[in-house]
Amino acid sequence: MKSLKTCLVLAILMALAAISLSAIQSRDELSLEEDNETTYNDETSDDLSPAETGQEPTSLRGSIRFLSQIKPRVPMTCDKYPRVCHVKGSTGPDCCKKKCVNVMTDRLNCGKCGKKCKYSELCCKGQCVNPRSNKKHCGSCGNKCKKGSLCVYGMCSYA
């Protein structure tokens with residue numbers, strides 16, 4: 001019974017010590033934050049962040065103010081910036097409905113913006129073609145059948 005009381009008293013003392021340490025630490029953080037704000041406002045303008053001035057923030061409480069000042073990036077669309085479509089890795093050199101496309105191969109913009117190919121057709125060199133029956137584009141774009149052969153179901157065959 002005596003050991004149970006001793007353990008209980010020891011647990012209560014440890015809990016009180018942890019609570020008091022956390023209260024002291026948060027009070028110190030507040031005083032540090034106030035000191036940083038006063039020296040920060042005296043030395044620099046409000047437009048600079050602590051990272052730009054070389055100061056490390058002591059807590060995340062003040063970081064929300066700095067995050068709200070950052071303007072979100074607006075995506076660069078080709079209707080405002082036509083050069084975007086000519087950048088390496090772009091989907092195509094032409095601009096249709098604010099998107100970079102290649103009108104020579106795009107089924108939704110074949111030959112010009114907005115011209116759609118039918119379900120069974122491909123866009124080859126800016127023209128909608130049926131790869132199942134077209135001799136010049138049999139099965140895929142640019143696959144020519146030899147002279148005297150036909151394109152049947154996307155394969156060149158001899159008659």
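Reader: Which residues make the nonpolar surface patch of about 490 Å²?
Author: This is a predicted model, in which local features need pLDDT of at least 70 and side-chain atom pairs count only at pLDDT 80 or more, while totals for chains, interfaces and linings use all residues. Residues are numbered from 1 along each chain as its sequence is written, and side-chain values use heavy atoms, leaving out hydrogens and water. A patch takes residues with over 30% relative accessible area and no salt bridge, like charges being joined within 9 Å and nonpolar side chains (Val, Leu, Ile, Met, Phe, Trp, Tyr) within 5 Å; areas are Shrake-Rupley values with a 1.4 Å probe, and a salt bridge puts a Lys or Arg side-chain nitrogen within 4 Å of an Asp or Glu carboxyl oxygen. The patch of about 490 Å² is made by L8, V9, I12, L13 and L16.

Reader: Is L16 buried or exposed?
Author: L16 belongs to helix α1, residues 2-43 (a DSSP run of H or I, at least four residues; strands are E, at least two). Because its relative accessibility is 52%, and buried means under 20%, exposed over 50% and partly exposed in between, L16 counts as exposed.

Reader: Where is N109 placed?
Author: N109 is buried, since its relative accessible area is 9%. Its place is the loop between β2 (99-101) and β3 (122-124).

Reader: Which residue's backbone nitrogen does the side chain of N109 reach at 2.8 Å?
Author: The side chains of N109 and D106 are joined by a polar contact of 2.7 Å (N or O atoms within 3.5 Å, one able to donate a hydrogen and the other to accept it, with sequence neighbours counted only between side-chain atoms). At 2.8 Å, the N109 side chain reaches the backbone nitrogen of G114.

How values were computed: Buried means under 20% relative accessible area, exposed over 50%, partly exposed in between (1.4 Å probe, protein chains only).
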